[in-house]
Structures are given as C-alpha cells and as structure tokens.
Amino acid sequence: MSEKTQDLKPRTKAFALRVIRMDSKLPKNDTVAQVLGKQVLRSGTSVGANYREASRGRSKAEFIAKVGDCVKEIEETEHWLELLVDGGCIPGPQMADLLDETRQLIAIFTTINKRSKE
C-alpha cells in the first residue's frame, strides 16, 4: 500500500471525529436536526471503518467492494450534511469546511475505486 493511501487512515478517522463533534453540537430540541445528525453520524463514521477493512482485503475483489462501500457512505454523508444546511439546522458557512472535506474524500475514493477496477 502506498504512503499516500496509508494517509487515508488518519484522515478518515479525523473526518469521523469532526462528524462526531458536529453531531454533538446540534440542538437537542430540534427533532429534524437530531434525526439528520444521527444519519450523518452513522454514515460519516463508517467511511474510515470500511477503508480499514478495504486495506486488509484478502483479494482485489474484496478491496474493490469495500472501497465501493466507502464511496457509498461518503456520498450518503454529503447528502445528510446538505440536508442539515438546506433544512436550516446549521448555517452553510459553519458547515463549509466539513462539506469541503466530504467532497474531497468523495473524489479520492471514487478515483481509488475506478483505478482499482483497471
């Protein structure tokens, strides 16, 4: 595994921690924010776990499948984060950095997924 790919382990863990912190700051009395927060918490924290499984894959097919799971989970995370902003639960500027990191991870995992299939 390349050093650049190895960097994704701490990066996806840091991303998960950011998602956890964001969820903990959502208003407790806002049902919509809490429901969306739990969704983003689930998908956002699973990206790193799936990547760790991928990096320990026993075959190329297993690696590709797990990286595909990473793509699905990070794209789902983007969806929930956008709903939090568009639904008025969190101001857009406050979510900008987390959404930017989400979109960077989408690009990275999509590229890994495509290249792995070649």
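**Helix packing and the nonpolar core**

The helices α2 and α3 cross in a left-handed way, meaning that the near helix is turned anticlockwise from the far one by less than a right angle; clockwise would be right-handed. Helices here are DSSP runs of H or I with at least four residues, numbered from the N terminus. Before going on, the sources: this is a predicted model, in which local features need pLDDT of at least 70, side-chain atom pairs count only at pLDDT 80 or more, and totals for chains, interfaces and linings use all residues. Residues are numbered from 1 along each chain as its sequence is written, and side-chain values use heavy atoms, with hydrogens and water left out.

Two packed helices are described by the angle between their axes and the distance between the axes. The axes are lines fitted to C-alpha atoms over the stretch in contact, and angles run from 0 to 180 degrees between N-to-C directions.

For α2 and α3, the axes come within 9 Å and cross at roughly 165°. That makes α2 roughly antiparallel to α3, a label for angles over 145 degrees. Contact means heavy atoms within 4.5 Å. Among the α2 residues that meet α3 are Phe15, Val19 and Met22. The contact residues of this pair divide into ten nonpolar, six polar and five charged. Nonpolar covers Ala, Val, Leu, Ile, Met, Phe, Trp, Tyr, Cys and Pro; charged covers Asp, Glu, Lys and Arg; the others, Gly among them, are polar.

Next pair. Helix α4, residues 60-86, packs against helix α5, residues 92-116, at about 160°, with the axes 9 Å apart. So α4 is roughly antiparallel to α5. This contact has 16 nonpolar, six polar and five charged residues.

Now the core. A nonpolar core is a set of buried Ala, Val, Leu, Ile, Met, Phe, Trp, Tyr and Cys residues joined through side-chain atoms within 4.5 Å. Buried means under 20% relative accessible area, exposed over 50%, and partly exposed in between, with a 1.4 Å probe and protein chains only. The largest core has 28 residues, and Met22, Leu81, Leu84, Met95 and Phe109 have the most contacts inside it. Which helix gives the largest share? That is α4, with eight residues.

Which residues does methionine 22 touch? Leaving out residues up to four places away in sequence, they are Val40, Leu81, Leu84, Ile90, Met95 and Leu98.

Last, lysine 25, in the loop between α2 and α3. Lysine 25 counts as exposed because its relative accessibility is 68%.

Terms used:
Helix = DSSP H or I, 4+ residues; strand = E, 2+ residues; numbered from the N terminus. Parallel < 35°, antiparallel > 145°, perpendicular 65-115°, else oblique.
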